[in-house]
Amino acid sequence: EQALIASGAPLDADVLKLAHHGSDTSSIPELLAAVTPSLAVVSVGQGNGFGHPSPDVIARLAGAVVRRTDRDGEIEVVSDGRDVWVR
């Protein structure tokens, strides 16, 4: 994530699929500030022993809708190229 930020590439996106199940070592504040997602998707197993996603990572996503597979089941993100919605 640090290298991606340092690259200077445009990172703003409407949707972000969190890395590594939303662990403490992923989705650093600088990355989230660069991406500014309105929707964040976390692929995580229900009752996982690692405590994923990290409460700190979820807190960093304030203002974004967070969808999690452990709570929401299958998450399908659909776009027509202009709008994005979840089914």
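The exercises below concern a predicted model of one protein chain. Residues are numbered from 1 along each chain as its sequence is written, and side-chain values use heavy atoms, leaving out hydrogens and water. Local features need pLDDT of at least 70 and side-chain atom pairs count only at pLDDT 80 or more, while totals for chains, interfaces and linings use all residues.

**Exercise 1.** State how many helices and strands the protein chain has, and give their pattern.

*Solution.* Take helices as DSSP runs of H or I with at least four residues, and strands as E runs with at least two, numbered from the N terminus. This gives 4 helices and 5 strands. Their pattern along the sequence is α-β-α-β-α-β-α-β-β.

**Exercise 2.** Compare the radius of gyration of the protein chain with the globule rule.

*Solution.* The radius is taken over C-alpha atoms, and the rule is 2.2 Å times the number of residues to the power 0.38. For 87 residues, a compact globule would have a value near 12 Å; the protein chain has 13 Å, which agrees. The C-alpha trace spans about 35 × 30 × 20 Å along its principal axes.

**Exercise 3.** Describe the largest nonpolar core and the contacts of Leu31.

*Solution.* Such a core joins buried (under 20% relative accessible area, 1.4 Å probe, protein chains only) Ala, Val, Leu, Ile, Met, Phe, Trp, Tyr and Cys residues through side-chain atoms within 4.5 Å. The largest has 13 residues, and Leu16, Leu18, Leu31, Val35 and Leu61 have the most contacts inside it. At least two residues of this core come from each of α2 (29–35) and β2 (39–42); α2 gives the most, with 3 residues. Leaving aside residues up to four places away in sequence, Leu31 touches (heavy atoms within 4.5 Å) Glu1, Leu4, Ile5 and Leu11.

Definitions and conventions
Buried < 20%, exposed > 50% of the residue type's maximum accessible area, 1.4 Å probe, protein only.
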